[in-house]
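Hello,

Here is the structure we spoke about, with its sequence.

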Amino acid sequence: MPEELVIEMHGDRWWELALEGALSGEEVAAWELHLQECKACREDWEALLEVDQLFATAPQPIPPVDFVGQTLLRLEAERRRQRRWRVVAGIVLVIVVLLVELVALHAIYHDVTRLVSTLLAAQTLIATTLMRLGVELITVAETLAPLMLLGAAACLLLMMPNGALATLAILMIRRR
Ligand SMILES: [Zn+2]
């Protein structure tokens, strides 16, 4: 069914013509087809027909002249209300989704921050440990340094040719 026709069917003019029985044969066929497919129209239409029936059968005082117009207005207002609720529900849904996303992002951000700070702390710890190790090595080296120098000197003296060793010994003895 063409969309323009459906839009027309959802307008007040169409409903007035339909209630007055002023639709053409083709239009009535299309209308009945639409009523099968469109739940909102079907319900409104059935309600209108019921009211119409009520007025037709019951001995009623003369209904207000624009009863159909009033009913249509009421129906339209009701539809607008439902549409508004749908819009509000949509907005609420969007807000909820955004909030959930924000919370998730916040959690991810927190995790990343924690990971980075943990890595940084670990790095600091490693650096501190290395520095401590270095300091300890230096301390050990300082303690060992005189011994190592002494050893080196002894090695040097022992490995020197005899002449040099003798000269050195003489020099040392003379100084004393
Ligand atoms: Zn419809």
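**Helix α4 and its surroundings**

Helix α4 has 19 residues, and from its first C-alpha to its last it reaches 27 Å, close to the 27 Å expected at 1.5 Å a residue. Please keep in mind that this is a predicted model. The number of buried residues among the 19 of α4 is zero, so the helix lies largely in the open.

Is L49 buried or exposed? L49 counts as exposed, because it has 12 C-beta neighbours inside 10 Å, and a residue with 12 or fewer falls in that class. L49 and L19 are 30 residues apart along the chain, and their C-alpha atoms are separated by 8.3 Å.

Helix α3 covers residues 25-37, which makes 13 residues. Its span from first C-alpha to last is 19 Å, close to the 18 Å expected at 1.5 Å a residue. How many of the 13 residues of α3 are buried? The number is zero, so α3 also lies largely in the open.

The loop between α3 and α4 holds C38. With 16 other C-beta atoms within 10 Å, C38 is partly exposed; the cut-off for buried is 20 or more. From C38 to G25 the distance is 20 Å, C-alpha to C-alpha, and the two are 13 residues apart in sequence.

**The protein as a whole**

The protein has six helices and zero strands. Read from the N terminus on, its elements run α-α-α-α-α-α.

What is the radius of gyration of the protein? The value is 51 Å, whereas a compact globule of 176 residues would have one near 16 Å. Along the principal axes, the C-alpha atoms fill a box of roughly 150 × 35 × 20 Å. Of the 176 residues, 1% count as buried.

**Confidence**

The average pLDDT of the protein is 82, and 90% of the residues score at least 70. Which elements have the lowest and the highest mean pLDDT? The lowest, 74, belongs to helix α6 (residues 162-175), and the highest, 95, belongs to α3. Where pLDDT is low, the predicted coordinates should not be read in detail.

Regards

Notes. Residues numbered from 1 in each chain as written. Predicted model: local features only at pLDDT ≥ 70, side-chain atom pairs only at ≥ 80, totals over all residues. Helix = DSSP H or I, 4+ residues; strand = E, 2+ residues; numbered from the N terminus. Expected span 1.5 Å × (residues − 1). Rg over C-alpha atoms; globule rule 2.2 N^0.38 Å. pLDDT = per-residue confidence, 0-100.
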